[in-house]
Amino acid sequence: MKTQALYEQFADELAAQIAAGTFPEGSRLPSLREAAAGRGLSLSTAIQAYRLLEDRGLAEARPQSGYYVKRRHKAQKMELEPEETSIDPMGVTLDEVSMGLYRGKLDPDVAPFGAASPDPELLPSEKLDRIVAAIAREGGFARDTSFSPEGIEELRQGIAQRAFAAGCPISPDEVVITAGCSEAMSLCLLAVCRSGDLVAIESPAYFGLLLILEAMGLRALEIPALPGTGLALDALEFALDNHPVKAVVAMTNFSNPLGSLMPDASKQRLARLTGRRGIPLVENDIYGELYFGDKRPIVAKSFDTDNILLCSSFSKDISPGYRLGWVAAGRRAQDLVRLKMALTSGTSALPQLAIARYLESGGYDAHLRSIRRAYCRRVEAMAEAIEKAFPIGTKIAEPEGGYLIWVRLPGGVDSMELYAEAARARIAIAPGSIFSPSRKHRDYIRLNASVWSQRTEKDLVRLGKIVETLAMRDAPSLSRK
Ligand SMILES: Cc1ncc(COP(=O)(O)O)c(C=O)c1O
C-alpha cells in the first residue's frame with residue numbers, strides 16, 4: 001500500500017477540519033508558518049499541503065492575505081441565461097434616478113449602497129495632501145502657461161508604464177488625460193460617432209454611459225451580458241453583422257453593475273470581432289486594478305492596441321474628486337487630442353502633477369494591495385449578509401473584483417418600487433432598470449459594498465425586510481430563510 005506523504009496527510013487533516021466546520025467557508029486558514037510550527041512540519045511541507053487543498057478546490061490563496069476556505073455555495077451564485085436576446089436599437093432617455101444617484105451620494109444618514117463610490121477612508125488622502133503641499137512650496141504653479149491638451153508627460157508615462165507591467169504595451173503618445181473615465185468615454189464616442197449613430201453596449205450597462213449616449217444623441221443596441229463572463233459574444237457578432245454599429249463599449253474586467261470578468265480567450269475574440277470590422281471598441285477598465293485573485297486581469301486592448309480605446313481613471317482607487325482619468329486611444333489618439341483641445345484645452349495640471357508624483361513615489365502598489373484586500377473582505381461580508389437577510393429566491397452575483405454586487409430579487413419584486421421604499425427608510429440602492437435604455441433588469445438591484453461599518457449589517461437586514469414585504473405582497477408563498 002502506498003504510504004501517504006506528510007503533506008498529503010496534513011492536507012487530509014485540514015480537509016477533514018473544513019468538512020467538520022472548524023474552518024467554515026470563507027474563513028481564513030492558519031498561516032503557513034502557524035500551520036508548520038503547530039504541527040512540527042517544515043514550511044515547504046505546509047506549502048505543499050495548502051497547494052493540494054487548492055487543487056482539490058477546498059482552499060484559495062489571496063494575495064498578501066493567506067489561504068482561505070473556498071466558498072462552495074455556488075447555488076447562490078448567478079449563472080443566468082441572458083434575459084432576452086432580441087436586440088433592438090433604442091433611443092436613450094436620461095433618468096431622474098440616475099441623476100439622483102450622482103447627487104445623493106454621501107449623506108451620512110443614508111445607507112450608502114447606491115452610488116458606486118469608493119470608501120473615502122480607503123483613499124490615500126494624507127499622502128496626496130503632502131504631495132500637493134510640496135508642489136505648492138515649489139511655487140509658481142499658477143504662472144505655468146505650458147499646459148497641453150493631451151496631459152502632462154510624467155503622468156502619461158506613468159500610465160503607460162503601469163499598463164506595460166499589466167501586459168498591455170501602450171505608448172505615452174496615445175494617452176490623453178481626461179476629467180475622469182466619464183470624459184474618456186465621451187471623447188472616444190465623440191471621435192468615432194455622429195448624432196443618431198448606433199452603439200453596441202452591454203445589457204446591463206453602467207448607467208453613466210447611458211447618460212453620455214443620451215447627451216450625444218446616440219442610439220443603443222443592448223447586447224446581453226452575464227454575471228460570470230460578461231458580454232455575450234455570439235450575440236455581439238450577430239449584432240455587428242446585422243446592424244450598422246459604429247462603436248462597441250464594454251467592460252471586460254469587473255463590469256458595472258455585473259462584476260463580470262471576461263475570460264482571456266473571449267477578450268481576444270472581442271478584440272478580433274471589432275478589429276476585423278474596423279469598429280472601434282471602447283474598453284472601460286476602471287475596476288481592473290481592484291482584482292481579488294492573484295494577478296491583474298489583462299485587458300482586451302492587449303490583443304489589439306491599435307483599434308481599442310482603453311479608458312480608465314483614478315476615481316476608484318486614488319480620488320474621485322481629483323477627476324482624473326485617461327484614454328489610450330491607439331490609432332485615434334490624435335483625433336482625441338484635437339477634440340480635447342477644442343472642448344476644454346486640457347485637463348487641470350495640478351491634480352495631474354500630484355497623481356504623477358504619487359505614482360512615482362512607489363506607494364501606489366502597496367496601497368492597491370491593501371484596498372483590494374479590504375474590498376474583497378467587504379464584498380464577501382456583504383454577500384453573506386444578503387444571503388442571511390434577504391428572502392429565499394434572492395440570487396447574488398458575487399464579483400471577483402471591484403466592489404459592486406448585482407442582486408436578483410425574488411418573486412419579481414420591482415426594483416423601482418424597492419428603490420422608493422428603501423429611500424423612505426434612508427437606504428440608497430441602484431435599481432436594475434437604470435442600467436438599460438429599454439428598462440430591462442427591473443427585478444435586479446446593484447449594491448455598493450465599498451463601505452462596511454457597524455450599521456451595514458443592520459441596514460441590510462432592514463433592506464431585506466422591505467424586499468420580503470414586497471415579495472410577500474406579490475407572492476405570499478415566499479418566506480424568509
Ligand atoms: C463603470 C464606470 N465607468 C465610469 C465611471 C465614472 O468614472 P469617473 O468618476 O472617473 O468619471 C464609473 C463611476 O462610477 C464607473 O463605475
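Analyst: Helices here are DSSP runs of H or I with at least four residues, strands are DSSP runs of E with at least two, and both are numbered from the N terminus. By that count the protein has 15 helices and 17 strands. Its radius of gyration (taken over C-alpha atoms) is 24 Å, close to the 23 Å of the globule rule for 481 residues, so the protein is as compact as a globular protein of that length. The globule rule is 2.2 Å times the number of residues to the power 0.38. Along the principal axes, the C-alpha atoms fill a box of roughly 75 × 55 × 50 Å.

The model is predicted: local features need pLDDT of at least 70, side-chain atom pairs count only at pLDDT 80 or more, and totals for chains, interfaces and linings use all residues. Residues are numbered from 1 along each chain as its sequence is written.

An automatic or database domain assignment supplies the domain bounds. The protein is divided into domain 1 (6-69), domain 2 (93-119 + 371-474) and domain 3 (123-364). The centres of domain 1 and domain 3, taken over C-alpha atoms, are 39 Å apart.

Two further terms are needed. A residue is buried if 20 or more other C-beta atoms lie within 10 Å of its own, exposed if 12 or fewer do, and partly exposed in between, with C-beta atoms placed from the backbone. On this scale, 46% of the 481 residues are buried. Two residues are in contact if their C-beta atoms, placed from the backbone, lie within 7 Å. Of the contacts with a separation of 6 or more, 73% are between residues 24 or more positions apart.

Two strands count as paired if DSSP finds at least two bridges between them. Strand 6 (residues 198-203) runs parallel to strand 9 and is joined to it by four bridges. Within that pairing, A200 is opposite V248 of strand 9. Strand 10 (residues 281-284) also pairs with strand 9 in the parallel sense, over three bridges. There A250 has E283 of strand 10 as its bridge partner. To get from strand 9 to strand 10 the chain passes through helix 10 (residues 264-277), and this β-α-β crossover is right-handed. Right-handed is meant as follows: with the strands pointing away from the viewer, the path from the first strand over the helix to the second runs clockwise.

Most residues other than glycine have a negative phi, and most peptide bonds are trans. F254, in the loop between strand 9 and helix 10, has a positive phi near 55°. F254 is also buried, with 27 other C-beta atoms within 10 Å. P257 lies in the loop between strand 9 and helix 10, and the peptide bond joining N256 and P257 is cis, with omega about 15°. P204 sits in the loop between strand 6 and helix 8 (207-215).

Elsewhere, R323 is another residue other than glycine with a positive phi, about 55°. R323 belongs to the loop between strand 11 (308-313) and strand 12 (325-328), and is partly exposed, with 18 other C-beta atoms within 10 Å.

Five of the five residues of strand 17 are buried, so the strand is largely enclosed by the rest of the structure. In a regular strand the side chains alternate between the two faces of the sheet. From strand 17, Y444, R446 and N448 point one way and I445 and L447 the other, and all are buried. Strand 14 (residues 404-408) runs antiparallel to strand 17 and is joined to it by five bridges, with V407 and I445 as bridge partners. Strand 16 (residues 430-431) pairs with strand 17 over two bridges, also antiparallel. Here P431 has I445 as its bridge partner.
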